[in-house]
Amino acid sequence: MSEECIFCKIARKEIEIEVIFESDNFVAFPDANPCSKGHTLIIPKKHFVNYLDLPAVLGSELLDVIKKVAEIQLREGAEGFNIIVNNGKEAGQVVMHSHTHLIPRRKGEKARVSFPCAN
Ligand code: AMP
Ligand code: ZN
């Protein structure tokens with residue numbers, strides 16, 4: 001399947017990216033269309049469609065990578081961060097390779113982040 005998948009190509013380093021952080025099973029890199037400065041995506045190196053597909057055994061490693069990336073964002077001036085995961089087309093998932101958005105937030109800075117249930 002994963003031959004055509006853009007994030008599989010990124011995971012295999014066939015597309016050049018800035019690696020922000022890397023672990024055995026995950027890689028973090030900048031989102032090409034950032035919602036705020038420093039918006040980062042964390043992807044599993046293997047192709048999983050979404051969180052339902054992601055083996056639970058990778059959960060603690062993913063949380064560890066989330067914390068590592070968040071620490072980098074906080075060191076670079078963020079005061080908080082949003083973790084957003086879109087699962088399924090109807091939930092806004094466009095790239096069908098599981099990914100976790102980490103969106104750094106700074107006081108007074110506008111970010112393109114919205115919460116459907118707040119409306
Ligand atoms: P989602 O709506 O959760 O599927 O989000 C997909 C995200 O992937 C979007 O924020 C895109 O900007 C980002 N994206 C798509 N292609 C690339 C790429 N080649 N490099 C970096 N980010 C990408
Ligand atoms: Zn993939």
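This is a predicted model: local features need pLDDT of at least 70, side-chain atom pairs count only at pLDDT 80 or more; totals for chains, interfaces and linings use all residues.
Local features here need pLDDT of at least 70, side-chain atom pairs count only at pLDDT 80 or more, and totals for linings use all residues. Residues are numbered from 1 along each chain as its sequence is written, ligands are numbered from 1 in the order in which they are written, and side-chain values use heavy atoms, with hydrogens and water left out.

Student: How many residues surround ligand 1?
Tutor: To count as near, a residue needs a heavy atom within 4 Å of the molecule. Asp31, Gly92, Val94, His99 and His101 are the closest.

Student: Which side chain has a polar atom 2.5 Å from an oxygen atom of ligand 1?
Tutor: A polar contact is a pair of N or O atoms within 3.5 Å. Histidine 99 places a polar side-chain atom 2.6 Å from a ligand 1 oxygen, while valine 95 uses a backbone N or O atom at 3.0 Å. The side chain at 2.5 Å belongs to aspartate 31.

Student: How much of ligand 1 does the protein bury?
Tutor: Accessible areas come from the Shrake-Rupley method with a 1.4 Å probe. Taken alone, ligand 1 exposes 500 Å². The protein buries 78% of that.

Student: Which element gives the most to the shell around ligand 1?
Tutor: Helices are DSSP runs of H or I with at least four residues, and strands are E runs of at least two. Two elements give two or more residues to this shell, helix H1 (6–11) and strand S2 (26–30). With three residues, the top giver is H1.

Student: What about the shell's make-up: how many residues are charged?
Tutor: Asp, Glu, Lys and Arg count as charged; Ala, Val, Leu, Ile, Met, Phe, Trp, Tyr, Cys and Pro are nonpolar, and the others, Gly among them, are polar. The shell around ligand 1 has nine nonpolar and six polar residues. The charged count is one.

Technical notes
A polar contact is a pair of N or O atoms within 3.5 Å; within protein, one must be able to donate a hydrogen and the other to accept it, and residues adjacent in sequence count only if both atoms are side-chain atoms.
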